[in-house]
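Open the model in your viewer and keep the selection tool at hand. The stops below go one selection at a time.

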Amino acid sequence: MSIEIMRRRQSIRTYDSQNISETHLQLIKDYIEREANFIGPFGRKGRVELVQVNNNVTV
């Protein structure tokens with residue numbers, strides 16, 4: 001797979017429509033904020049976005 005294809009790659013998931021608790025949401029946000037959690041094996045940083053949705057529609 002070429003580098004250009006990897007740069008354009010996206011992974012989009014749809015899950016259960018049940019809401020998560022504020023506590024769990026905060027734990028996820030805290031994890032995402034720590035850059036060290038997304039450093040790959042070659043020293044590059046991955047990017048993660050938390051996107052809120054209602055009824056499988058982005059808010």
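Start with the whole chain, coloured by secondary structure. From the N terminus on, the elements run α-α-β-β. That comes to two helices and two strands. This is a predicted model, so colour by confidence next. The average pLDDT of the chain is 80, and 76% of the residues score at least 70. Which elements have the lowest and the highest mean pLDDT? H1 has the lowest, at 62. H2 has the highest, at 93.

Now show the surface. The chain exposes about 6100 Å². Carbon and sulfur atoms supply 50% of that area. Of the 59 residues, 3% count as buried.

**Stop 1: the loop between the helices**

Select Asn19. Its place is in the loop between helix H1 (3-8) and helix H2 (22-33). Is Asn19 buried or exposed? Asn19 is exposed, because its relative accessible area is 67% and the cut-off is over 50%. Asn19 and Val53 are 34 residues apart in sequence. In space, their C-alpha atoms are 9.7 Å apart.

**Stop 2: helix H2**

Select Ile32, which is found in helix H2. Ile32 is partly exposed, with a relative accessible area of 25%. What does Ile32 touch, leaving out residues up to four places away in sequence? The answer is Phe38, Val48 and Leu50. Show those side chains together with Ile32. From C-alpha to C-alpha, Ile32 and Glu49 are 8.1 Å apart, though 17 residues separate them in sequence.

**Stop 3: two rings**

A pair of aromatic rings is described by the distance of the centres and the angle of the planes. The count here comes to one aromatic pair. The ring centres of Tyr31 and Phe38 lie 5.7 Å apart, and their planes stand at 80 degrees. Angles over 60 degrees count as edge-to-face, so this pair is edge-to-face. Now compare the cover on each partner. Phe38 counts as buried, because its relative accessibility of 17% is under 20%. Tyr31, at 40%, counts as partly exposed.

**Stop 4**

Where is Leu50 found? Leu50 is in the loop between H2 and strand S1 (53-54). With 42% relative accessibility, Leu50 counts as partly exposed.

**Stop 5: a charged pair**

Side chains of opposite charge can pair when their charged atoms come close. How many salt bridges does the count come to? The count comes to one. In that salt bridge the side chains of Glu49 and Arg47 meet, at 2.4 Å from N to O. Both Glu49 and Arg47 are exposed.

**Stop 6: a glycine in the loop**

Finish with Gly46. Gly46 is found in the loop between H2 and S1. At 33% relative accessibility, Gly46 counts as partly exposed, because that value lies between the 20% and 50% cut-offs. Gly46 and Glu35 are 8.8 Å apart in space and eleven residues apart in sequence.

How values were computed
Residues numbered from 1 in each chain as written. Heavy atoms only, no water. Helix = DSSP H or I, 4+ residues; strand = E, 2+ residues; numbered from the N terminus. Buried < 20%, exposed > 50% of the residue type's maximum accessible area, 1.4 Å probe, protein only. Phe/Tyr/Trp six-rings, centres within 6.5 Å; stacked < 30°, edge-to-face > 60°. pLDDT = per-residue confidence, 0-100. Salt bridge = Lys/Arg side-chain N within 4 Å of Asp/Glu carboxyl O. Areas by Shrake-Rupley, 256 points an atom, 1.4 Å probe, with all protein chains shown as cover. Contact = heavy atoms within 4.5 Å.
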